[in-house]
Amino acid sequence: MQGGLPGPVATALLLAAAALQAVCCAAQCAANAVTVKVGWQASSLSVPALLDGGTFQHNCSAAHAGYEGPIEVHCVGSLLTAYAHACVPRACEAGQSASARVAANNAVTVRLARPLEHGGLRHVACRTLLPGSLGHVRLACRLGELLVDASNCRPKVQGPMTMWRIANGDYLPGTWRVFELSLFTSADCSGGKVAGDIFASSEDYSGEETHDMAFDRDIRTAWAAGCEQGCPPGAAWIGLALARSSGRVRCIELLQSRVACCGSQRVRLEVWDGAGWQNMQVWDTQGLRRMTFGYKLPVPASCEEDKPEGVGVIHDCDGRPVVGRQQGDTCTARCSDGFYGEASTYTCGADGRFQGTGPTCYNVVALGRLAGIAVALLVLLFLGGQYRFFCMHRKLRLADIRDTIPQALFGRWREKSGTNVWEVMLEERQRAMNRSVFDFEAGTEESGADTSKGAEVKKKKRKKKRATQRLTVLKAEKEKEELQRVTNLGFQSLDGLCSPCEDPDICLACVFCPLCRVADTWHTLGKPAWQDYWKVYFSYAVCPFCWPCLGFYGRLRLRWFFQIPPEPHRDCLVYCCCCCCCAPCAACQEARLVDAPLHYRSFYKKTQQMTMGFSEDPEV
């Protein structure tokens, strides 16, 4: 061949290629077993004889139950190679069911409502399986198998101290395994064993270590919490649900695993307070003596007796709900807002009683009120004393001088029909004076006609009588001037009730110290004699709600003394129905009437001084 390989070489190559092709076509994989790993499990699968490049399939479940998908085996160069990358864990299908024990070994069937993938976790309320129960049921899917844990289901309870449980206080890398557990209400675990429905946070899905095994008094069986990746503190717990409260738990017997992964050094007791869980006690079991049924763990007493008491005393001795204050705990008692006193400390004793002395609390509000009342009484006493000293010094009582009171002041109020009593007295005095002048003139005419022997003697008598008449006229004029000075000639109501300013002094006294002026009126009236100034004053001051009755009674006594016709309906209207607006005016009216005889007596004395000591009492 020109330009190519030599003939012998080319022929050799062709022969070699033909021989190689014959060998390859005749190669194959003999029937054999191949090892394949599905999940964490390695299995040996048999494979029939395969030609080179041939493929054989196995189902993944043949290598590991619970997996699905194909396993492919390839023959390459007389070698078998298996591929299990398509194997996946089988999920739990909708409608798949499993049985479980709920509350006191009640067997129920749980059915999936929707699919659950492998490793998935779902919770179902216990009441859907057993009406009236609380808690939840754990549903888990493991390689297509539905696993059910109903250890958390418990009956519905009422009130505090109806559920008790113990929990792990340390992190556990494995699970918490409890062999025996007993709860007692006695302090030494000798009596008062608590019995009820058992419930737990979880339990082993295998059903070999269930929660009821912790209460069977068999130390060979145990309850194991269903912690998938270790148990955090407080995640694993087991306890009892009671139909009614059994009182406080005072002692616990606990037998748990000694293995570090499955036994908690610290153990916590918790109690239900009606709304949540309260931490009752925490124990450190290291160094404790281990008995046949485990450790005896005492619970300190809670103090409920001899709590601080008293008016205005508050304290924090109640502590947490149900747990309260336990042996050795201290609390503080102090005075509440509005009270004053020193705080004191109480200590909870081993006998369940508080020890300490309560504070003495003084009611600041009450003391303030008493101080206010005392100050008010002192002020009233001071005002009353000042009024008594300056306005009533040597003031007479009308009952003692009743015979000297002019008749014109009886039978009427000081003001009546638009005129006051002073105007009436002036008119009567004018009429008397006119009669005296008429008698004097008649006597003068008679003396002129007398020419008898005793004319000289009669002349002297007439001169003396004339002087007397001049003094009488002078006295009447002075008296008239004084009476007119105190007479208010302005507008007056019919009887002066609506004219409180008739006498400015009395009006001011009623405005600034009404009690003083009313007591002055009663005292000046003088009947009965025992109703003096101070008794009436403090009667009004101490019993303000009796003012209407006292005012009505005082006005009635005034009418009796001055012989004024009674008008009970009007007086009742003034003091009972319109006491706010009419009673002050009535007090002024009564004061003017009572003071009128004293004013007249004072004017009469002044007139005597002005007329050179004329001593005869006037006749009205």
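## Close-up views of a predicted model

**View 1. P500 and its contacts.** P500 touches C507, C585, C588 and R592, leaving out residues up to four places away in sequence. The model shown in this and every other view is predicted. P500 sits in the loop between α5 (455-485) and α6 (504-512). Look also for C510, 10 residues from P500 along the chain. The C-alpha atoms of P500 and C510 are separated by 9.3 Å.

**View 2. The whole chain.** The chain has 620 residues, and 39% of them count as buried. It holds 11 helices and 35 strands. Now consider contacts between residues at least 6 apart in sequence. Of these, 60% join residues at least 24 apart.

**View 3. The largest nonpolar core.** This core has 33 residues. W164, I166, W223, I252 and L269 have the most contacts inside it. Which elements give two or more residues to this core? They are β17 (163-168), β18 (177-184), β19 (197-200), β21 (237-241), β22 (251-256), β23 (266-272), β24 (277-284) and β25 (295-298). In soluble globular proteins, nonpolar side chains tend to be buried together.

**View 4. R555 in helix α9.** Find R555 in helix α9, which covers residues 547-562. Is R555 buried or exposed? R555 is buried, because its relative accessible area is 0%, and buried means under 20%. Leave aside its neighbours within four places in sequence. R555 is then in contact with W413, L497, D571, Y575, A586, Q589 and E590.

**View 5. An edge-to-face pair, W272 and W277.** A search of the whole structure finds 15 aromatic pairs. One of them joins W272 and W277, and the pair is edge-to-face. The ring centres are 5.4 Å apart, with 70 degrees between the planes. W272 is buried, at a relative accessible area of 18%. W277 counts as partly exposed, at 26%. The cut-off explains the two labels: buried means under 20%.

**View 6. A stacked pair, Y387 and Y533.** These two rings form a stacked aromatic pair. Their centres lie 6.4 Å apart, with 5 degrees between the planes. Y387 lies in helix α3 (residues 364-391), and Y533 lies in helix α8 (residues 533-542). The pair therefore ties together parts that are 146 residues apart in sequence. Both Y387 and Y533 are buried.

**View 7. The annotated span, residues 370-390.** An unreviewed UniProt entry carries the annotation "transmembrane region" for residues 370-390. In the model, the span is 100% helix and 0% strand. Its end C-alpha atoms lie 30 Å apart.

**View 8. Two arginines over rings.** The charged end of R154 sits over the ring of F199, 5.4 Å from the ring centre. The charged end of R402 sits over the ring of F561. Here the distance to the ring centre is 4.6 Å.

**View 9. Helix α7 and what follows.** Helix α7 runs over residues 514-525 and has 12 residues. From first C-alpha to last, α7 reaches 17 Å, close to the 16 Å expected at 1.5 Å a residue. How many residues of α7 are buried? The count is 11 of the 12, so α7 is largely enclosed by the rest of the structure. The buried residues include R517, D520 and H523, as well as L515, V518 and W522. G526 follows α7, with a positive phi near 75 degrees. A cis peptide bond joins K527 and P528, where omega is about 0 degrees. P528 lies in the loop between α7 and α8.

View 10. C189 is not a glycine, yet its phi is positive, near 60 degrees. C189 is found in the loop between β18 and β19. C189 is buried, with a relative accessible area of 7%. Q563 is not a glycine either, and its phi is positive at about 60 degrees. Look for Q563 in the loop between α9 and α10 (568-577).

Technical notes. Residues numbered from 1 in each chain as written. Predicted model: local features only at pLDDT ≥ 70, side-chain atom pairs only at ≥ 80, totals over all residues. Heavy atoms only, no water. UniProt positions renumbered as here; feature names shortened; annotations may be inferred. Helix = DSSP H or I, 4+ residues; strand = E, 2+ residues; numbered from the N terminus. Core = buried A, V, L, I, M, F, W, Y, C linked by side-chain atoms within 4.5 Å. Buried < 20%, exposed > 50% of the residue type's maximum accessible area, 1.4 Å probe, protein only. Contact = heavy atoms within 4.5 Å. Phe/Tyr/Trp six-rings, centres within 6.5 Å; stacked < 30°, edge-to-face > 60°. Lys NZ or Arg CZ within 6 Å of the ring centre and 35° of its normal. Expected span 1.5 Å × (residues − 1).
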